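This report goes through one protein chain, from its overall form to single residues. Keep the sequence and the structure in view while reading.

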Amino acid sequence: MAFRPSSLEDDLQCPVCCELFTDPVVLNCSHSFCRYCLDAYWKDQPSKPCPVCRRPFPGKSPPVNLALKNIVEVYKREQERPGHKHSHRERGGGREQRGRGEEREEEGRCSQHGERLLLYCEVDHEPICMVCHVSKRHRGHRTSPVEEAAEELREEVRASLGQLQEKFQTFDKVKQECASTAQYIETQASKTRAQIAQAFEELHHFLRLEENARMGQLEEEVELKTMIMKEKVENLIRKTEAMKNTISQVESELEARDSIFLQAYSKHQESLREKLSGPDPTLVTGALINVASHLGNLKFKVWEKMKENVEFCPVTFDPNTATPCLSVSDSLTSVHDVGHQPSVPLNPERFDRCVCVLGAEPLGPGTHIWEVEVGGREKWNLGVVAESSSRKGELQVHPANGYWALALREGGRYSASTLPPRELSLKGRLSSVRIILDYQQGELSFYSATDMALIYTFRDSFTERLLPFFSPGVMKGTSISKAIKVSKADITVTLDP
């Protein structure tokens, strides 16, 4: 079978450079490329994707495609053979399909004048021939040789292509991050479901015990009052039977002869006086079930008792803001460093470099109070941060950047995060810090929770919501006992009359 150069040349061209293959290599996906083109495309791409199908190449260096290399060499020799003719498309009917080489040759000619395209019109942005250059359409237009224009525009396209490749890598990276985030969401959901189920099971257990206790109290009262009424009824039955017998006996004696009546008169009178001298029967006070004691404010009383087994923290941590090296407890009330966790996604809300975590609830107008246990830590930062403040990269913690904090550094040095930092002299080591935020007054105060001694007060004008800010630092040999922990608050119930 004779070669058809036009169709064969299409199959023998590299998809990257669109030229005949030079030193072709083949990937696992069966796509082939020039080795130089593939190496240039793979530069700075660690996954080594196929330029056509994007499937990653797992090996270090792809093998040579010997069969394709031999075919290209045979084709080149056939093209260089004297007397070889390319197939041309006829001008009349019955045209044959053109090869890409012929298309390029015809593209080098002006479609109107048939002359070679030697110039590039920078006004109309198209290649032109010398006749076009002097024609009315292009007269006076700025032109340049096609070689110079092509090289200049190639550089422009290469620059745009480079930017597009960078943008592609950005899209690809975000796509991978989103896929990882989707997997992390499933992990979060599974863990959260288990914790919710456990919390409600504890509440259900408490309610079942309370229900059984109250049912038991009711049954004890029912049994006691039923026994009292039973004894009362039995006693009344005995007395009424005795009275009934006396009434029957006296009534029969009244019908007897006078002599007999008079003989029994004294005995009957004594018996009647005995029966009449006894107290009249009365109903039992408090005999009914004390329904009010069992049902009065029942739900409130159960809730009031429940608070003895329920902890309340005025501030809880938001694990979605914690640096990947931090671990937040299941109760969201303590945090400590555990080293890098690669499965944690770098979502926009999360600190990426500084070891920090934020509170879950924003703080607005009003007075807010919370205590933080910091005993055992060699360094930390505590305070508040503006909701819109930056959380990425290295942070400059001071009010101008939306951070108001108290800090401890190695050597027991305390400071306020002013600019520059203000060193503080304290008596002894802080084990617990009380923080009081008066939003309207623009005051953030830090106290020693043990003796309520004032440490430092920031005074500023807060214009947006604030979030509690915690930075436990990084320590070697960190354990749960050395975690930063928010102290629970006492729960009180106040009735408004």
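## Terms and overall form

A residue is called buried when its relative accessible area is under 20%, exposed when it is over 50%, and partly exposed in between. The model discussed here is predicted.

The protein chain contains 9 helices and 19 strands. Its C-alpha trace spans about 175 × 75 × 55 Å along the principal axes. The radius of gyration is 48 Å, while a compact globule of 497 residues would have one near 23 Å. Of the 497 residues in the protein chain, 29% are buried.

## Backbone details

Asp23 sits in the loop that runs between α1 (5-11) and β1 (24-26). His125 belongs to the loop between β3 (119-121) and β4 (126-128).

Is His125 buried or exposed? Its relative accessibility is 57%, so His125 counts as exposed. Asp23 has a relative accessible area of 32% and is therefore partly exposed.

Another backbone detail concerns a proline. The peptide bond from Leu419 to Pro420 is cis, and its omega is near 0°. Pro420 is found in the loop between β13 (413-416) and β14 (422-424).

Helix α6 covers residues 146-254, and Glu148 is part of it. On the surface, Glu148 gathers with Glu147, Glu152 and Glu156 in a patch of negative charge. Glu148 counts as exposed because its relative accessibility is 52%.

Phe200 also lies in helix α6. Together with Ile196, Leu203 and Val310, Phe200 makes a nonpolar surface patch of about 320 Å². The relative accessible area of Phe200 is 46%, so this residue is partly exposed.

## Salt bridges

Side chains of opposite charge can pair when their charged atoms come close. The structure holds 17 salt bridges. One of them joins Asp172 and Lys175, whose closest N and O atoms are 3.2 Å apart. Why are Asp172 and Lys175 separated by about one helical turn? They are 3 residues apart in helix α6, which means a separation of about one turn. Asp172 is partly exposed, at 24% relative accessibility, whereas Lys175 is exposed, at 52%.

Glu201 and Arg208 form another salt bridge through their side chains, with 2.8 Å from N to O. Both residues are partly exposed: Glu201 has 42% relative accessibility and Arg208 has 38%.

Which residue forms a salt bridge with Lys488? The partner is Glu311, and the closest N and O atoms of this pair are 3.8 Å apart. Lys488 and Glu311 are both exposed.

Salt bridges can also share partners. In this way Glu210, Arg214 and Lys305 are joined into one network.

Key:
Residues numbered from 1 in each chain as written. Predicted model: local features only at pLDDT ≥ 70, side-chain atom pairs only at ≥ 80, totals over all residues. Heavy atoms only, no water. Patch = residues over 30% accessible without salt bridge, like charges linked within 9 Å, V, L, I, M, F, W, Y side chains within 5 Å. Areas by Shrake-Rupley, 256 points an atom, 1.4 Å probe, with all protein chains shown as cover. Salt bridge = Lys/Arg side-chain N within 4 Å of Asp/Glu carboxyl O. Lys, Arg positive; Asp, Glu negative; His and termini not counted. Charge placed at Lys NZ, Arg CZ, Asp CG, Glu CD. Helix = DSSP H or I, 4+ residues; strand = E, 2+ residues; numbered from the N terminus. Buried < 20%, exposed > 50% of the residue type's maximum accessible area, 1.4 Å probe, protein only. Rg over C-alpha atoms; globule rule 2.2 N^0.38 Å.
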